[in-house]
Amino acid sequence: MHISDGVLPVSVTIGGYVVSGMLVAWSARKSASRELPKLAVMTAAFFVASLIHIPLGPTSVHLLIPGLTGAILGPSAFLSIALGLLLQSLLFQFGGLTALGANALMMGLPALVCGWLFQKFKGRSGVRPAVIGGLIGSLGTTMAAIMLSLLLMSGGEDFLGVAKMALAAHLPVIIIEGVVSAFTIGFLIRVKPELLQPFSINSSDSAHE
Amino acid sequence: MRGIKQLILTGLTLGVLVLITPSAWAEEPSAESDCKAIITLLNEQNSKFSGDTRRIQREIAALRADLDKPGFKDVVAGIGYILGLFGVAAFVAARRKG
């Protein structure tokens with residue numbers, strides 16, 4: 001799920017860059033310097049996850065994990081996703097460089113929403129965090145597909161048609177990502193629950209990039 | 001002298017022609033069958049080569065698709081970039097704090 005060069009109108013491309021630039025700045029401000037290693041590891045995981053291809057009939061799909069990234073990183077997720085997408089675009093030719101802003105919005109906004117929802121509903125212990133994590137993981141990709149349809153609508157496509165197609169094509173990813181996220185969150189909550197805590201940031205502690 | 005030489009030459013040529021012609025007449029049917037055999041052989045070779053070409057074209061297409069796919073180097077490079085950038089960020093943050 002990457003938008004290529006020349007698909008979106010210029011206004012949307014520039015708007016995407018402006019909005020995601022602002023969100024990256026906000027996200028970097030929200031990131032505490034002690035969270036940087038976690039941020040780096042999650043960015044690397046997000047970057048590599050798109051290479052995990054799952055063969056499916058004649059075609060294959062790959063993981064996207066915006067939901068999981070959002071759940072683990074919270075507000076820093078946008079920075080992480082923007083950087084991951086930049087490097088994917090440069091090194092893997094996934095999505096065009098001009099559409100990077102729109103791509104970052106497409107994956108980053110769901111991540112932010114997922115992070116917020118996860119912190120709100122994750123609960124304390126038991127299987128609840130894993131279940132919520134799984135739902136969040138599925139929701140992240142679903143929202144990304146809807147964002148894709150919204151962005152493509154600006155390029156003159158029919159929203160409902162694209163949305164149906166994108167959701168149908170990503171249904172396996174949505175399911176697989178739910179399972180992967182549920183296992184990951186369930187594991188983290190048992191082994192290192194502080195990774196999933198929302199971090200309180202005082203402004204003197206923030207990392208400005 | 002010259003006349004005799006010419007005569008002999010003409011005679012020889014005629015003789016050769018006379019000798020050759022019947023054999024040529026006699027060989028006609030077999031030459032036709034040879035032609036047919038050659039044509040079938042050529043056809044066989046042609047189809048074999050076109051099959052080979054198609055296979056090679058397919059292989060080239062697969063190779064091109066493989067080239068488009070990110071390789072191990074790209075993955076390692078990307079992870080290196082990410083860790084490096086966050087390392088610089090951490091360094092800057094630490095300096096600022098100190």
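Where is the place of A:Leu63 in chain A? I looked this up first. A:Leu63 lies in the loop between β2 (59-62) and α3 of chain A. The model is predicted, and I kept that in mind throughout.

**Entry: A:Leu63**

I then listed its contacts, leaving out residues up to four places away in sequence. A:Leu63 touches A:Ala49, A:Ser50 and A:Ile52, and also A:Val173, A:Ile176, A:Glu177 and A:Val180.

**Entry: α3 against α6**

The axes of α3(A) and α6(A) come within 6 Å. They cross at roughly 125 degrees, so I put the pair down as oblique. The crossing of α3(A) past α6(A) is right-handed.

Which residues of α3(A) meet α6(A)? I found A:Pro66, A:Gly67, A:Leu68, A:Gly70 and A:Ala71. On the α6(A) side they meet A:Gly133, A:Ile136, A:Gly137, A:Ser138, A:Leu139, A:Gly140, A:Thr141 and A:Ala144. I sorted the residues of this contact by class: six are nonpolar, seven are polar and none is charged.

**Entry: α3 against α4**

I repeated the exercise for α4. The axes of α3(A) and α4(A) come within 9 Å and cross at roughly 140 degrees. This pair is therefore oblique as well. From α3(A), the contact takes A:Pro66, A:Thr69, A:Gly70 and A:Leu73. From α4(A), it takes A:Ala77, A:Ser80 and A:Ile81. The residues of this contact divide into four nonpolar and three polar, with no charged residue.

**Entry: the largest nonpolar core**

I turned to the core next. The largest nonpolar core holds 65 residues. Which of them touch the most other members? I noted A:Phe78, A:Ile81, A:Ala82, A:Ala144, A:Leu148 and A:Leu151. I then checked where the core draws its residues. In chain A, α1 (10-30), α2 (36-49), α3 (66-73), α4 (77-91), α5 (100-121), α6 (128-154) and α7 (159-191) each supply at least two. In chain B, α2 (72-97) also supplies at least two.

Leaving aside neighbours within four places in sequence, A:Phe78 is in contact with A:Leu23, A:Val24, A:Ser27, A:Gly108, A:Ala111 and A:Leu112.

A:Val12 came up in helix α1 of chain A. I marked A:Val12 as buried, because 21 other C-beta atoms lie within 10 Å. Beyond four places in sequence, A:Val12 touches A:Ala102, A:Leu151 and A:Ser154. The C-alpha atoms of A:Val12 and A:Ile65 are 24 Å apart.

A:Leu152 is in helix α6 of chain A. A:Leu152 counts as buried, because it has 23 C-beta neighbours inside 10 Å. Its contacts, neighbours within four places set aside, are A:Glu157 and A:Val162. The C-alpha atoms of A:Leu152 and A:Pro9 are separated by 9.3 Å, at 143 residues apart along the chain.

A:Gly95 is in the loop between α4 and α5 of chain A. A:Gly95 is buried, because 23 other C-beta atoms lie within 10 Å. I looked for its partners beyond four places in sequence. They are A:His2, A:Ile3, A:Ser4, A:Leu85, A:Ser89, A:Leu100 and A:Asn103. The C-alpha atoms of A:Gly95 and A:Met1 are 8.4 Å apart, at 94 residues apart along the chain.

How many residues of chain A are in contact with chain B? I counted 16 in chain A, against 17 in chain B. On the chain A side, α2 and α4 each supply at least two residues. The largest share, seven residues, comes from α2(A). By class, the chain A side divides into twelve nonpolar, three polar and one charged.

Notes. Residues numbered from 1 in each chain as written. Chains lettered and ligands numbered in written order. Predicted model: local features only at pLDDT ≥ 70, side-chain atom pairs only at ≥ 80, totals over all residues. Core = buried A, V, L, I, M, F, W, Y, C linked by C-beta atoms within 7 Å. Buried ≥ 20, exposed ≤ 12 C-beta atoms within 10 Å, placed from the backbone. Helix = DSSP H or I, 4+ residues; strand = E, 2+ residues; numbered from the N terminus. Contact = placed C-beta atoms within 7 Å. Axes fitted to C-alpha atoms, helices over the stretch in contact; angles between N-to-C directions. Parallel < 35°, antiparallel > 145°, perpendicular 65-115°, else oblique. Left-handed = near helix turned anticlockwise from the far one by under 90°. Nonpolar A, V, L, I, M, F, W, Y, C, P; charged D, E, K, R; others polar.
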